[in-house]
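Subject: Structure handover

Hello,

The structure is below, with sequence and coordinates together. My notes on it follow.

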Amino acid sequence: MSAPAPDVVGLLRELVATPTVSGDAAAQRGVLGTVTDVLTAAAPHLRVQSGTDADQPWTLLTSPTDPARPRLLVACHVDTVPAAEPGSWQRDPFGAELDDGRVWGRGGSDMKAGVVAAVAALAGADPGTPVALLLTSDEEIGSRGAAAAAAAVADLSVGAVVVPEATGNRVVLGHRGALWLAVRARGVAAHGSTPERGHNALLDLVAVLGRAGEELPLASEPFLGTETWNPGVLRSGTVPNVVPDRAEAVIDQRTVGGGGALLDWWRAQPEVAEVDVLVDLAPVRTDRDDPWVAALPAGVEPAPATYFTDASVLRPVVGPAPIVVWGPGTPAVMHAVDEYVEVVEVQQAAAAFTDVLTRWPA
């Protein structure tokens, strides 16, 4: 007698109600365990492999089929961004309320809905179907869990990859990469009443940021578009009456190539003392004419995703396998106050993934 299928809405609410903010390894490990327990209860044939890095947990579930048979890999992260300013939310960000056909809360669209849809599909898949589910941590801060799991994924024969991030159940064929830099300037401290006796590192860094908008060598690509840059964090000084002797800006750049020209520009500026690479993720693009992509039961978006995904880390280890970003959820509410996901979208995604698994390998 087969085990009952997972309760899609119940599992989604349980996951949304459990905070798994990036950087909290224990919380993410707990949700990895919850998802694994639910899935293996319904599909006990799946083999479970877990990472040993205490700070970067991950879990890989695979069907016990011939390892030479190419698998369909579904890759999901379980972490979320913080629920900033919870008082500004109309609902408890971790209340997981079910109302008006939606589950409300942080992580609903990004991407616990995708996790649940994947679990529902794999739970009902034929044990002989060559499939794998990768669950990762800390995607939001640079796909760190995927990087920790990369060697395990490289041991698999992978025929195609689905990353069920929020796309409104439309197939998305790629996204830009990400190059995050910590750019620092150094100065000389002095009393704020005699700034001429010091050297203000903040003014140096502001001068560089002012030039960047005109001089950064931002590249373009026909599908991925033009590279962008955003100085998201600025740190300098301690009190107003001291000339700051150091300043740092954290720059988020979305790339269409290797990012080397951008890195070189920052390092070449005379005011910059040092540059550290915090995140370096490659862009991802899949051919629209790929036969597997063309057969998917969903429409294909003409534009790439605006965000990055674990696909950037997986691309080098899955070879030429097509990768699509495709899942339930509304991109506009990702990382936003009052995040939610439409229950019907989760159900539709689970049905679509089930259809793809039924026909795999196509």
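How many salt bridges does the count come to? It comes to 15, where a salt bridge is a side-chain nitrogen of Lys or Arg within 4 Å of a carboxyl oxygen of Asp or Glu.

Before the details, the conditions. This is a predicted model, so local features need pLDDT of at least 70 and side-chain atom pairs count only at pLDDT 80 or more, while totals for chains, interfaces and linings use all residues. Residues are numbered from 1 along each chain as its sequence is written, and side-chain values use heavy atoms, with hydrogens and water left out.

Salt bridges

R211 pairs with E271 in a salt bridge, with 2.8 Å between the closest N and O atoms. The pair links distant parts of the chain, 60 residues apart: R211 is in helix α5 (residues 201-215), and E271 is in the loop between α6 (260-268) and β14 (274-281). Helices (H or I, at least four residues) and strands (E, at least two) are DSSP runs, numbered from the N terminus. R211 counts as partly exposed because its relative accessibility is 23%, and E271 counts as buried because its value is 19%. The cut-offs are under 20% relative accessible area for buried, over 50% for exposed, and partly exposed in between (1.4 Å probe, protein chains only).

D355 and R359 form another salt bridge, the closest N and O atoms being 3.0 Å apart. Salt bridges that share partners also join R184, R186, R235, E248, E274 and D276 into one network. In the bridge between E97 and R91, the closest N and O atoms are 3.2 Å apart; E97 is partly exposed, at 33% relative accessibility.

Helix α2

Helix α2 covers residues 25-42, 18 residues in all, and reaches 26 Å from its first C-alpha to its last. That is close to the 26 Å expected at 1.5 Å a residue, the expected span being 1.5 Å times one less than the number of residues. Its buried residues are A25, A27, Q28, V31, L32, V35, T36, L39 and A42. They pack against α1 (8-16), β1 (47-50), β2 (58-62), α3 (108-123) and β6 (131-136).

L205 sits in helix α5 and is buried, at 0% relative accessibility.

V333 lies in the loop between β16 (323-325) and β17 (340-342). V333 is buried too, with a relative accessible area of 12%. With neighbours within four places in sequence left aside, V333 is in contact with S109, E339 and Y340.

Largest pocket

The largest pocket holds about 200 Å³ of space. On a 1 Å grid over the protein atoms alone, a pocket is an open set of points where a 1.4 Å probe fits, with protein on both sides within 12 Å along at least five of seven lines, and lining residues have an atom within 4 Å of a point. Grid points are joined across faces, edges and corners, and the volume is the space filled by probe spheres set on the points. The lining has 13 residues, with V81, E140, R254, F308 and H335 nearest the centre. By class, six are nonpolar, two polar and five charged; Ala, Val, Leu, Ile, Met, Phe, Trp, Tyr, Cys and Pro count as nonpolar, Asp, Glu, Lys and Arg as charged, and the others, Gly among them, as polar.

Regards

Key
Contact = heavy atoms within 4.5 Å.
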